[in-house]
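Trainee: Please take a close look at a single part of this structure with me, and tell me how its pieces pack.

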Amino acid sequence: MILRLPGYLGIGLVYAYRYTFGVLFPGGCKYYPSCSQYAIDSLRRYGLVRGVILAGWRLLRCNPWSKGGVDYAEHQRLFH
Amino acid sequence: MILASPLTPLENVLRSILEWIGPHGAVGLPWGWSIIALTLMVRILLVPLTVKQIHSMQAMQAHMPEMKSIQKRFKDDKQKRNEELMRFYRDNNVNPAAPCLPILFQFPVFIALYLVLKHSNRLIHIGDNVRWLGFVPDITHHANAHWSGYVLLVVYVLSQLASTYFMSATMDKNQRVLMMILPVAFVPVLVKFPVGLVLYWVTTNLWTVGQGVVTRRLVPKKPAAPPKRSSRTPPRNEPPAGDGDGDGDGAEPSPPGQPARPPAAPKRVKRKKKQARR
C-alpha cells in the first residue's frame with residue numbers, strides 16, 4: 001500500500017490537471033483512451049516512475065504527425 | 001514555486017521578447033498590446049500544426065457516413081464505440097481530434113508569462129504605458145483591483161466558452177457540457193490573476209475561435225467536389241464498403257473515374273444539409 005502511494009500521488013496530479021488546465025486549454029486526444037486516462041492507467045498499474053515514463057512517451061506520440069489510434073496502458077511494450 | 005526555477009529561462013526569454021515589443025523596445029507598443037502581440041506570436045508558431053489538422057478534418061468529411069454508422073452500431077457501448085472510431089481514423093489516416101502535445105506546449109508559456117507579470121518590477125520602465133485601451137489602469141494589477149478587470153473577466157468567460165465549443169467537437173456531450181461550465185467556476189480564482197494574463201487568455205481564446213471558424217469554412221468546401229476528383233486522398237484510402245469495417249480492405253481496384261460507391265449518396269445529402277444551414 002505504502003509502495004503504491006507515489007503512484008496515487010501522480011494520479012491525483014493528473015486529475016488536478018484535468019479539472020484545471022485541461023478545462024482552461026481544451027482539446028481532444030488522437031488516441032483512445034486519452035493521454036490523461038492513459039497516464040492514470042499506467043500510474044495505477046506500473047507505479048510512479050514507470051507510469052510517468054509511459055505517460056511521457058505517450059504524450060510525445062500524441063503529436064500532429066502521428067496517426068493516433070487505440071492504445072491501452074496495459075498493452076505497452078516498454079516494461080515487462 | 002516548484003515551477004519557478006525550471007521555467008526561469010523561459011520567463012527570461014518572454015521578458016526579453018516583451019521588452020523588445022514593449023514601449024521602450026524596438027516596436028514600442030504599450031505593455032497591454034505587447035502581451036497581445038506576444039500571444040499572437042505564440043499562436044502563429046503553432047499554426048503549422050493546425051494546418052495538418054484542418055487537412056485531416058477535410059479528409060474526414062468524406063468518411064462521415066461510415067463514422068455515423070459506427071456511432072449508430074455501438075450506440076450503447078461507449079468504450080467499444082470509441083475504440084472502433086479510433087481504429088477507423090487510423091486506418092483511413094484521418095483524425096479530427098487535436099493532439100495533446102501542442103496543447104501542452106502552451107502551459108509553460110502561460111506559467112512563464114504569469115511569472116513575468118508577477119515579477120513585473122523586473123521589466124524595464126514598467127511604470128509607464130501600463131494602461132490598456134483607456135479603461136484598464138494597470139495590466140500588472142490583479143483583475144479584482146478595478147472594475148475593468150471584471151469586464152475583462154466577462155469577456156474572458158465568453159471567449160473561453162466559444163473556444164471550448166470549437167475545441168471540444170470530438171468529445172462526448174456530457175464532457176462537453178462540463179468543459180463549458182467549469183471555466184465559469186474558475187472566475188473566483190482568476191480575479192487574483194494579473195490583468196495582463198487575462199489579456200493573454202482572451203487573445204489566445206479568440207485566436208482559437210477564429211481558427212475554428214476558418215476550419216469550418218474550409219471543411220465543407222472540400223467534399224463539394226465530386227469524389228472522383230479527390231486528389232488529396234490516395235485510392236487506397238477510399239472507404240472499403242458501407243459498413244466502414246476498418247479491416248475489410250477488400251475493395252476491388254476500381255478505375256479512378258468511377259465514384260460508384262454506396263456512401264456517395266448519403267454524403268451528398270449531408271452536404272446539402274450543411275449548405276442549407278449556412
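Mentor: Gladly! A crossing is right-handed if the near helix is turned clockwise from the far one by less than a right angle, and left-handed if anticlockwise. This is a predicted model, in which local features need pLDDT of at least 70 and side-chain atom pairs count only at 80 or more, while totals for chains, interfaces and linings use all residues. Residues are numbered from 1 along each chain as written, and chains are lettered from A, with ligands numbered from 1, in the order written.

Let's take α1(A), residues 5-19, and α3(A), residues 35-61; helices are DSSP runs (H or I, at least four residues) and strands are too (E, at least two), numbered from the N terminus. The two axes come within 8 Å and cross at roughly 150 degrees; axes are lines fitted to C-alpha atoms over the stretch in contact, with angles from 0 to 180 degrees between N-to-C directions. The helices are therefore roughly antiparallel (over 145 degrees), and their crossing is right-handed.

On the α1(A) side, the meeting residues include A:Gly7, A:Gly10 and A:Val14, and those of α3(A) include A:Ala39, A:Leu43 and A:Gly47; contact means C-beta atoms, placed from the backbone, within 7 Å. By class, this contact has nine nonpolar, five polar and two charged residues (Ala, Val, Leu, Ile, Met, Phe, Trp, Tyr, Cys and Pro are nonpolar, Asp, Glu, Lys and Arg charged, and the others, Gly among them, polar).

How values were computed
Angles under 35 degrees count as roughly parallel, over 145 as roughly antiparallel, 65 to 115 as roughly perpendicular and the rest as oblique. Two residues are in contact if their C-beta atoms, placed from the backbone, lie within 7 Å.
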